[in-house]
Amino acid sequence: MRTEVITVRTGRSPAVTDITREAARFVQSEKDGLLHVFVPHATAGVAIIETGAGSDDDLLTAIGELLPTDDRWQHRHGSPGHGRDHVLPAWIAPYATLPVIDGQIALGTWQSICLVDPNGDNPSRQVRFSFIKG
């Protein structure tokens, strides 16, 4: 297995950050196998979605409606409503595994690999790419 960690700056407000280019660079010299994308954080996830046509903003809106930033959460350190950030990985897993065929990630036409980070308390995130040869 080959692995690499990148740092992604997500900023101080909830963000959906497209990391497809970075993932594609990681596998470009490979043949067939599996790309595993993992975010080693308790308050972030990985989603395979369309970006640039509003879906990324729609996802943040849906997260805000499903998991509002209010005082209902028992987990209370950090910014107000931060407890919801710790619940996010139950809905948006902190990992995704994708097929790689001849050095290309086998994504659909409109699919992108995105880091989903609702937690403005941590403006920088780590993402681990791992490649397992087929």
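This is a predicted model: local features need pLDDT of at least 70, side-chain atom pairs count only at pLDDT 80 or more; totals for chains, interfaces and linings use all residues.
Five strands form an open sheet, arranged in the order S1-S8-S3-S5-S6, and the pairing is antiparallel. Strands S1 and S6 are the edge strands, each pairing on one side only. Val100 stands opposite Ile105 in S6. The loop between S5 and strand S6 (104–105) contains Asp102. The phi angle of Asp102 is near 50 degrees, a positive value in a residue other than glycine. Asp102 counts as exposed because its relative accessibility is 53%, and the cut-off for exposed residues is over 50%.

A further open sheet is formed by 3 strands in the order S2-S7-S4, with antiparallel pairing. Strand S2 (15–18) and strand S4 (45–49) stand at its edges; each has a single partner strand, so one side of each is left without a neighbour in the sheet. From one strand to the next, the twist averages 35 degrees. S2 and S7 pair in the antiparallel sense over 4 bridges, and the bridge partner of Asp18 in S7 is Cys114.

Strand S7 also contains Leu115, which counts as buried because its relative accessibility is 0%. With neighbours within four places in sequence left aside, Leu115 is in contact with Val8, Thr10, Ala15, Val16, Thr17, Ile19, Val39, Ala44, Gly45, Arg125 and Val127. The C-alpha atoms of Leu115 and Arg84 are separated by 17 Å, the two residues being 31 residues apart along the chain.

Helix H1 lies across S1, S3, S5, S6 and S8, and runs at about 35 degrees to S8. Thr20, Ala23, Phe26 and Val27 of H1 are buried. Seen down the axis of H1, the buried residues fall within an arc of 120 degrees, so they line one face of the helix. An α-helix has 3.6 residues a turn, so residues three or four places apart point the same way. The face of H1 turned away from the buried side carries the exposed residues Arg21 and Arg25.

The largest nonpolar core has 20 residues, of which Ile19, Leu35, Val37, Ile105, Ile113, Val127 and Phe129 touch the most other members. Two or more residues are given to this core by each of strand S1 (2–9), helix H1 (20–27), strand S3 (33–38), strand S5 (95–101), strand S7 (112–117) and strand S8 (124–133). Another core, of 11 residues, lies apart from it and includes Val16, Ile63, Leu67 and Leu88. For Phe129 in the largest core, the contacts beyond four places in sequence are with Arg2, Thr3, Glu4, Ile6, Ile19, Glu22, Ala23, Phe26, Leu35, His36 and Val37. Among these contacts are Ala23 and Phe26, both of which are buried in H1.

The count of salt bridges comes to 4. Side chains of opposite charge can pair when their charged atoms come close. Arg2, one of the contacts of Phe129, forms a salt bridge with Glu30, with the closest N and O atoms 2.7 Å apart. This pair links distant parts of the chain, 28 residues apart: Arg2 is in strand S1 and Glu30 is in the loop between H1 and S3. Arg2 counts as partly exposed, at 31% relative accessibility, whereas Glu30 counts as buried, at 11%.

Another salt bridge is formed by Arg84 and Asp85, the closest N and O atoms being 2.6 Å apart. Arg84 is buried, with a relative accessible area of 6%, and Asp85 counts as buried at 4% relative accessibility. Both values fall below the cut-off for buried residues, which is under 20%. Arg72 forms a salt bridge with Asp70, and here the closest N and O atoms are 2.6 Å apart. Asp70 is partly exposed, with a relative accessible area of 27%.

Terms used:
Residues are numbered from 1 along each chain as its sequence is written. Side-chain values use heavy atoms; hydrogens and water are left out. A nonpolar core is a set of buried Ala, Val, Leu, Ile, Met, Phe, Trp, Tyr and Cys residues joined through side-chain atoms within 4.5 Å. Buried means under 20% relative accessible area, exposed over 50%, partly exposed in between (1.4 Å probe, protein chains only). Contact means heavy atoms within 4.5 Å. A salt bridge is a side-chain nitrogen of Lys or Arg within 4 Å of a carboxyl oxygen of Asp or Glu. Two strands pair if DSSP finds at least two bridges between them. Axes are lines fitted to C-alpha atoms, for helices over the stretch in contact, and angles run from 0 to 180 degrees between N-to-C directions. The arc is that of the directions from the helix axis to the C-beta atoms.
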